[in-house]
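Good morning, and thank you for the time. I would like to take you through a few local features of one structure, which I will now put on the screen.

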Amino acid sequence: MPVKTPTPAGEPPRPDGPLPFPEGERGAPEAAVGQEAAAEVAGPEGAVAPQEAVAPLIRGVAVLRELTAAGGTMSLSGLERATGLARSTVDRIAATLARMGHVRLDGRDAVLAPPVMELGNSYLAALRLPALLGGRADELADELDESVSLAVADRDGIRFIHQATRRRAMSLSFRIGDLLPAERTAPGPLFATEWTDADWTRWRAHRTTDPDGGDFPALPPRPSNATREQGFARRTAQAARDGWALDDQLIEPGLVAVSVPVRHPGTSRIACVASVVSHTSRHTAEDLRATLLPRLRKAADAMQRALHESAPPHPTPPPSPLALWTSASKQELGREFIESLARGLTVLTAFDEGRSELTLAEAARATGLARATARRALITYEHLGLVTRSPTGSFSLTPRVLALGFPPLSRTTLPRIAAPHLKALTELIQESTSLAVLTPPGDEIRCTAGAQARHVMSVTIEPGTRLPAPETAAGRLLLEDAPHTLVDERWEEGLRALAVPIHDRTGRTVAALAMTTHAARRTPQECERDLLPHLRTTAARIESDLHMTSRFTRVPST
């Protein structure tokens, strides 16, 4: 079966003893975790990091996790407090992540940027479930006019891998990558039917050490208690008998959900759980069971057939070797660039469709990194719970990779993606820039984002402004689907505008990037000669971020 089975709630079997790698590949002293540093980089459940784990990589992952939990933006001083790291360490990590494009430094804040989604995309692509089943989940959401989600097990929680939400004033707010405690969800009891005694013991221990649910920031805190634990055990037993499970306002008042497992054809284990989520103003829990459960079951059966009939994956090209890039960045930035962090993060991108499991040699070859570097990164990620190792020694990503920046950006929009690029372009060319889309009738454009240049006589086009499409450079480009357009004093006397297209992953033009100036500042020839290359470069950067973000999420153009 060509579909990768998600990591089950319990730990997979693994060989005893140290990782079976050659003895001659021990980590460099400055990159490894010494005895004095081991305590501050403890992994899940307090496990002490192995000697060969990469301390800068552990700290970089901690910064990404804190940024994710904070919603994507956090001050550098806030990161210092949240991680317990020295401010100088936080600054160097932020500088390295910024160099990689994973974060953007905005004054004193670090802001997650679209390229960081490459990490989560690697997991989702290797998993294959969103690509194979996401369309069917979307169809079910349209059919029922209710939100539909797909989730996988993540130890004692569940993590979303696909969301098909309805646009309503009261709508589901969970994002792809969000982690929820198993006992407060409908999918949780279904996954728990496959738990071992050790899994139940770990679940109880986790709830004891984290009684308020602080490890699940997507939900409001709710203290755990013995009654709720007994209720979860009863719900799990019921789910084992019924083959489905219900959430009657366990997450929060008014929220109800019904879930059905989608099983892996090769093993009959649960590959993922499909859920229909609604509000008590639309459906009671009993309504969900009586009216929507049969249709959900039918859809889950179709999903299982899709897994069984799926063609073998088509391996995508591996990421280009990045060893030279990281070395060049180190030479340029010096001490501010943490090369071991940058190289370690690239190891996660070695996984993709057709590369769901990799040996050490394969991971090193896919990234162009030395075997010793890839080895230490994989040791580190296994310690952090980001990869698992099979009895044969191959590695695969776990759902926890989605905690590295994915949820806050999974609900972004094209205007948000474009905004920092527009600001940078305006600062470079000293002219006002904007992003515009065509309105549904096709006779107007609507500005969705912009950056204003500082001139005594400046052009101001506020977001939300509507203008006649045939009279503007952006409008004519969108109507004619041209490579670029230049409009000279048609919309308003004295105004000169130049526009280039923004394309989505399919190559379709979805927006126009425009520059507007006063005719006295530049001739039409100067606009095309001096400004057009900068517009095209900026458009390419916006497209790169859009393509990264929209690989497994929907990115609205407005």
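Let me begin with a definition: a disulfide here is a pair of cysteine sulfur atoms within 2.5 Å. With that criterion, a search of the whole structure finds 0 disulfides. By buried I mean under 20% relative accessible area, by exposed over 50%, and by partly exposed anything in between, computed with a 1.4 Å probe on protein chains only.

A word on the source. This is a predicted model, in which local features need pLDDT of at least 70 and side-chain atom pairs count only at pLDDT 80 or more, while totals for chains, interfaces and linings use all residues. Residues are numbered from 1 along each chain as its sequence is written, and side-chain values use heavy atoms, with hydrogens and water left out.

I turn next to the aromatic residues. Rings of Phe, Tyr and Trp, the last by its six-membered ring, pair if their centres lie within 6.5 Å; planes under 30 degrees apart count as stacked, over 60 as edge-to-face, and the rest as tilted. The whole structure contains 7 aromatic pairs. One of them joins Trp 200 and Phe 232, tilted, at 5.5 Å centre to centre with 50° between the planes. This pair links distant parts of the chain, since Trp 200 lies in helix 8 (residues 197–209) and Phe 232 in helix 9, 32 residues apart. Trp 200 counts as buried at 13% relative accessibility, and Phe 232 is buried at 1%. Trp 203 and Phe 232 have ring centres 5.1 Å apart and planes at 50°, so that pair is tilted as well. Trp 195, Trp 200, Trp 203 and Phe 232 form one aromatic cluster.

Is Arg 234, by contrast, buried or exposed? Arg 234, in helix 9 (residues 226–242), is exposed, with a relative accessible area of 54%.

Finally, consider helix 5. Of the 11 residues in helix 5 (residues 117–127), 10 are buried, so this helix is largely enclosed by the rest of the structure. Just after helix 5, Arg 128 takes a positive phi of about 75°.

Methods
Helices (H or I, at least four residues) and strands (E, at least two) are DSSP runs, numbered from the N terminus.
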